[in-house]
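Work through the exercises below with the sequence and the 3D view open. Try each task before reading its solution.

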Amino acid sequence: MIFRQEIRVTPIRGELKRFFVDSERPGQHPYLVDLDSYDGNGECACDNFRIRLVSKVQTEARKPKNQRWPMRCKHIKWAREYLLDKLLAALRSPAHTAKFNREN
Ligand SMILES: [Zn+2]
């Protein structure tokens, strides 16, 4: 899937919740995004997440689950959007569900 022309989310074969997401900066390696890390908040290898957001995620983790704010960089958000599109397509037809299961 292509976002803003140059941003691409690439699934990792055999893994449903981890993706590579292109950086917006040309020449940068794609970032590994794990949507299931930090109890469903997600984790990204980008500087924004590692330097700024990860400490906030840890602060939020001390709160009860239903009172936590998600701390997500744009890469996590794009990977979630990508996965949601896939899941919605899978829910549309039983045949697609079978195909989705085989591919992932
Ligand atoms: Zn990121």
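**Exercise 1: Strand partners**

Phe19 in S3 is the bridge partner of Pro11. This is a predicted model.

**Exercise 2: The next strand**

Task: which residue in S4 is the bridge partner of Val21?

Solution. Locate S4 at residues 31–34. S3 and S4 run antiparallel and are joined by four bridges. The partner of Val21 is Tyr31.

**Exercise 3: Two faces of S3**

Task: sort the side chains of S3, residues 18–21, by face, and say which are buried.

Solution. First, recall the rule: in a regular strand, side chains alternate between the two faces of the sheet. Next, apply the cut-off: a buried residue has 20 or more other C-beta atoms within 10 Å of its own. Phe19 and Val21 point to one face and are buried.

**Exercise 4: The whole chain**

Task: how many helices and strands does the chain have, and in what order do the elements run?

Solution. Count four helices and five strands. From the N terminus, the order is β-β-β-β-α-β-α-α-α. Then check burial: 22% of the 104 residues count as buried. Finish with contacts between residues at least 6 apart in sequence: 37% of these join residues at least 24 apart.

Key. Residues numbered from 1 in each chain as written. Predicted model: local features only at pLDDT ≥ 70, side-chain atom pairs only at ≥ 80, totals over all residues. Buried ≥ 20, exposed ≤ 12 C-beta atoms within 10 Å, placed from the backbone. Pairing = 2+ DSSP bridges. Contact = placed C-beta atoms within 7 Å.
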